[in-house]
Amino acid sequence: MRTVTALLLLLWSLPLLAQQVEISGMRVWSAPDHIRLVFDTSGQLSHDIFLLKKPQRLVLDLNSASLKNVLPKLEQNRLIKRLRVAERGKNNLRVVLDLKEAVRPKSFVLKPNDKYGHRLVLDLFQNKKRAANHRSHRPVKTVGDKQHREIVVAIDAGHGGEDPGAKGHSGTYEKDVVLAIARKLAVLVNKEPGMRAVLTRDGDYFLRLRKRMDKARNARADLFISIHADAFSDARVRGASVYTLSRSGATSEAAAFLAKKENSSDMIGGVKLEDKDDVLVSVLLDLSQNATLQASSEAAGFLLKQLKKVGKTHKPRVQQARFVVLKSPDVPSVLVETAFISNRQEERRLKSGKHQQKVANALMRGIRNYFTYLPPPGTLLAAKAVRRHTINPGETLSSIAVRYQVSLNRLKHANRLKGSKIRVGQVLDIPVI
Ligand SMILES: [Zn+2]
């Protein structure tokens, strides 16, 4: 090693551990901008990382460590050519990664949780410029006659990578079934005229909750749907549920948003916040958040209605909770618990491609109904939108015209009415534009 320029990137200093730490396994997760290697260890591990050039290599020295099992074969990936492990001295191990290109490594240890024991995590980030080229981000484009923009639906498959989510009795992971449903839903959304899907994750890797929200906001999503599968200690519990953000969750988020406004160029509903004073910002936020919460609950209602048609629902109404992932102040957001993976029958259904498709179809119908009901301005649907109104006792044509802000003549014309006689229960088309 004397002949090469070794760069000491990180020195993990822990009190000397007399005990040998055993490495019992390794997993590799591929995310769009990095590859994550996770080593299962029998205890806290002290380690050093070096990068070596010509050829590009990364050396991971594991101190007071030994191999318990042979590490699994490294799967094909875009950054690592080969992985070698050798003993170094009496008590230490050296892992060498032959790299396909230069990387920026980051490492940290994780304490045990209910699913895994001690772990050492090594993230290899790709060169930024290259990663940017790989990004599939498309700006919001206009469709058809170029006057209308696309409706963007952000579809978020919960969990991923080291976070498997809930686990069924026969070993099904939530992260896998929700990704399958998310992908099927994305195909349907992309088939819809004037609509485009953005998947927050399209693979088996971990994504922080804030990152999921950011992806939706960056894509200027009109709706964010996070897809999950529930679990409960009582295996009899079953059914789908749909959540929106609770008002208390929204209030605390507004405060946090305001607090970090200083050094951000955040926008709310197309308005830049950095040059506005705090009072104005909080008013804008409030307005936006109220409208977003309302739209979220409308969307949730449409989705729940359709989910009821494909299976049991756990709760008959839309639920509210303080889920972080739903906290975007300007993107209507819902979280769908598709079923209970802890229920044997529902686990079986969640695994079946046919049932996944049924769930995706139901969500698509809900999405379509929601956007037909509340078409985002500037979209094809908004231009085509016709709302319907069922006449209640005491209403007149003029009062309905005032309510929907259309002229009496247009209302009559849209419904081919000659006079102004209407009856209770009659359904009218309400022209929107
Ligand atoms: Zn979940």
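I took strands as DSSP runs of E of at least two residues, and helices as runs of H or I of at least four residues, both numbered from the N terminus. I counted two strands as paired if DSSP finds at least two bridges between them.

I noted that this is a predicted model, in which local features need pLDDT of at least 70 and side-chain atom pairs count only at pLDDT 80 or more, whereas totals for chains, interfaces and linings use all residues. Residues are numbered from 1 along each chain as its sequence is written.

**Five-stranded sheet**

I looked up the strand order and found an open sheet of five strands, β6-β2-β3-β10-β9, with mixed pairing. Each of the edge strands, β6 (65–67) and β9 (103–110), has a single partner strand, so one side of each is left without a neighbour in the sheet. From one strand to the next the twist averages 30°; for such angles, axes are lines fitted to C-alpha atoms (for helices over the stretch in contact), and values run from 0 to 180 degrees between N-to-C directions.

I then followed the pairings. Strand β2 (residues 21–30) runs parallel to β6, joined by three bridges, and Glu22 has Ser66 of β6 as its bridge partner. β2 runs antiparallel to strand β3 (residues 34–41) over seven bridges; here Ser30 is partnered by Ile35. A hairpin of three residues connects β2 to β3. Eight bridges pair β3 with strand β10 (residues 118–126) in the antiparallel sense, and Val38 lies opposite Val121 of β10.

**Six-stranded sheet**

I found a further open sheet, of six strands in the order β14-β13-β15-β20-β16-β19, also with mixed pairing. Its edges are β14 (195–199) and β19 (319–321), each pairing on one side only. Strand β15 (residues 223–230) and strand β20 (residues 333–340) run parallel and are joined by six bridges; Phe224 has Ser333 in β20 as its bridge partner.

**Nonpolar cores**

I defined a core as a set of buried Ala, Val, Leu, Ile, Met, Phe, Trp, Tyr and Cys residues joined through C-beta atoms within 7 Å. Buried means 20 or more other C-beta atoms within 10 Å of the residue's own, with C-beta atoms placed from the backbone.

The largest core has 64 residues, and Val153, Ala154, Leu185, Ala221, Leu303 and Leu363 have the most contacts inside it. Helix α2 (residues 174–191) supplies the largest share, 10 residues. I also recorded a second, separate core of 23 residues, including Ile35 and Phe50.

Methods
Buried ≥ 20, exposed ≤ 12 C-beta atoms within 10 Å, placed from the backbone.
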